[in-house]
Amino acid sequence: MPFANPLALAGLLSIIPLIILYMLRPKPAELSIPSLMFVLKIERERKRVYASITKIVKDPLFLAQLLVLILLSLAAAGYFYTAEEPLSGEHTVLILDTSASMQTESRFEDALGLADTYLSKKNSIILASNVPLLVLEGGGASAARDTLKNVPEGAGVADISAAVTTGMRLLSQEGGRIIVISDFTSWEGDDPVASKNLAESYGIQVNFVKVGKPADNVGIINGWIEATDGDYSYTCVVKNYNARTEQVELETGRGITGGSTKSFTLSVPAGETRQFQLAELGPGITRVVLTEDDDLPADNSAYISIPESSRQKILFITDDGKLPSKTALSLLPNSEIKVRNNVPTDLDDYNLVVLAQKETPVANSSVGRIESYVRGGGNAVFIASGAFVPEKTDVDLIKILPVKPIGVGEAEDGLGVEEVRESSITKDVKMEEISVRKYLNATERTGSTTLAVLDNEVPVLSYWQIGEGTVFYLGFNDELQEGAWNNFHNLPEYPVFWIKLIEWLGGVGDIADYNLEAGTVTSLSKTEEIRTPSRTLTANRVLFDEVGIYNIGDKKIAVNLYDDRESDTTVDASELIQRAVADDEPKLVRSDTYTAKKDISNYLIGVLFLLLLLEILIVRGRGEL
């Protein structure tokens with residue numbers, strides 16, 4: 001018999017004391033009896049037990065209490081049965097396009113209004129941007145309306161296909177319908193119509209609802225920063241989507257609002273682009289604005305962020321002075337590296353500590369200093385080697401690593417490396433060219449973040465936060481002698497990797513890390529407070545889906561639309577809608593039913609209340625209440 005919690009059936013043992021309680025005899029009284037009754041005593045004693053049991057079974061109060069105990073145990077055990085149920089249409093999955101083009105005129109407001117008309121008894125809401133975001137799962141109509149009131153506008157590109165796939169997973173058991181509300185002017189990923197057809201082949205109804213109409217627009221569709229002799233210059237590209245030449249007025253100035261500005265005019269022919277350049281940009285935020293209002297405000301501004309330079313002090317601890325990692329760190333601009341063979345007493349003067357012991361384990365007396373340094377806001381990088389196997393390493397040191405070392409493993413034919421999470425650290429590294437023959441076998445710890453793994457799922461790039469600081473694990477040993485563990489240090493990207501890693505840990509970063517396109521997703525070295533252009537949140541992973549300035553710690557990150565397809569508001573999506581409607585013919589449905597679990601606990605509890613009421617009536621009828 002199927003039970004959700006079989007251990008609760010142990011409650012049936014409570015029947016035993018109930019029976020014992022009813023069989024207990026009252027204390028006998030001493031009476032004078034005739035001798036004849038004494039002769040008959042043996043026969044009466046023999047029948048006493050049978051008479052007691054018969055009396056108990058016939059007692060309605062006993063039967064009611066017995067059923068209460070049995071039903072109570074079955075209800076606690078969660079008895080259920082399975083049945084084939086027809087697919088339901090009560091669950092509606094609403095997919096809202098939150099891409100930048102939806103900010104054109106009143107498209108987004110119209111989409112929210114239409115969404116309200118499709119609400120049903122059970123609703124889920126998915127926001128379609130660069131990555132699908134499930135903001136409500138299985139909520140009622142009231143909860144759905146509250147959610148729709150707080151849906152923010154986005155500035156990325158919608159992956160409608162991925163959002164439909166997410167909706168399919170939500171409806172895979174009970175069935176339902178998917179409503180996609182979008183302008184359908186552009187998208188990432190697969191063709192939305194192909195995803196619609198796939199969902200309908202599984203018996204899920206999918207409807208495309210189009211909002212918006214073609215509109216005029218002039219916008220900034222690209223921009224880049226160049227460094228020359230220590231100075232930065234910025235070039236932006238302005239495109240005119242209208243059918244006439246436009247005289248575009250631009251204003252530039254420092255900061256977000258206010259401050260002194262300069263004005264320029266660009267003559268941009270219909271359907272063409274023109275470039276505009278700013279030279280000698282200083283540290284801070286600079287803004288370029290198209291002063292003419294049009295139907296899409298998201299591409300009328302471009303933000304440029306130039307970081308303040310800061311000097312990095314790095315402590316490199318090793319028992320081998322000839323390591324590629326040491327050489328790469330010494331080449332870092334605006335940095336100072338100090339090499340030692342042990343951990344000094346005071347680490348507070350350093351921005352980063354790199355531990356590259358090859359044979360000599362980190363001294364037990366140094367582990368506490370390293371942990372205190374990290375908890376106080378410092379950053380530490382551990383490079384894998386035989387010195388970190390459990391039999392050589394202090395257990396307290398193993399506890400602060402984001403991976404749990406097991407031992408050294410070998411692969412004669414070599415193992416490849418796979419990036420499992422996107423990060424600015426690995427952005428320019430060609431993972432497919434790395435081959436690993438020897439490695440520190442380890443497992444990922446709960447709470448850590450892994451960026452790359454070997455083919456056998458062993459993590460090689462992992463980090464986690466301890467206190468206010470970050471511990472980063474680099475699973476690529478960089479010994480140069482014969483029998484090297486891997487070839488990573490021989491690749492031209494190796495020094496670039498170290499530059500990216502140190503900048504990421506130090507919160508400085510390359511100039512490109514301060515100027516991103518909308519829709520970029522990045523991981524932070526630790527959980528931080530993030531101030532977006534519209535709200536404040538706390539996370540260690542960020543989707544930059546708004547145009548403007550993001551404040552993360554001391555970093556100011558400029559985010560711009562820079563997308564020709566999203567800025568093209570003249571696109572009419574009628575062709576896609578026609579294809580979607582043309583394909584709305586009966587599909588081969590794989591199943592029209594699903595296996596449902598029917599829990600009867602609520603019914604059992606209802607019967608229990610009736611039995612309790614019956615017990616009260618029996619006791620009252622006997623005059624015992």
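Start by selecting Phe472 and Trp498: in this predicted model, these two touch the most other members of the largest nonpolar core, which has 39 residues. Next, colour helix α12, residues 493-506, which supplies the largest share of this core, seven residues. In soluble globular proteins, nonpolar side chains tend to be buried together.

Now centre on Phe472 and show its surroundings. Setting aside neighbours within four places in sequence, Phe472 is in contact with Ala380, Val381, Phe382, Ile425, Leu451, Leu461, Ser462, Tyr463, Leu501, Trp504 and Leu505.

Move on to helix α6, residues 141-149, and pick out its buried residues: Ala144, Thr147 and Leu148. Turn the view to look down the axis of α6: these buried residues fall within an arc of 100°, so they line one face of the helix. What do they pack against? Show β2 (91-97), α5 (107-117), β3 (122-128) and β4 (133-139), and you have the partners of the buried residues of α6. On the other side of α6, you will find Ser142 and Lys149 exposed.

How many cavities of 30 Å³ or more does the structure hold? There is one, and the largest cavity contains about 30 Å³ of space. To see its lining, select Arg107, Asp183, Thr185, Lys210, Val211, Gly212, Lys213, Pro214, Val571, Asp572 and Ala573. Colour that lining by residue type and you get five charged, four nonpolar and two polar residues.

Terms used. Residues numbered from 1 in each chain as written. Predicted model: local features only at pLDDT ≥ 70, side-chain atom pairs only at ≥ 80, totals over all residues. Heavy atoms only, no water. Buried < 20%, exposed > 50% of the residue type's maximum accessible area, 1.4 Å probe, protein only. Helix = DSSP H or I, 4+ residues; strand = E, 2+ residues; numbered from the N terminus. Arc of directions from axis to C-beta. Contact = heavy atoms within 4.5 Å. Core = buried A, V, L, I, M, F, W, Y, C linked by side-chain atoms within 4.5 Å. 1 Å grid on protein atoms, 1.4 Å probe; cavity = no way out; pocket = protein on both sides within 12 Å on 5 of 7 lines; lining within 4 Å. Points joined across faces, edges and corners; volume = space filled by probe spheres on them. Nonpolar A, V, L, I, M, F, W, Y, C, P; charged D, E, K, R; others polar.
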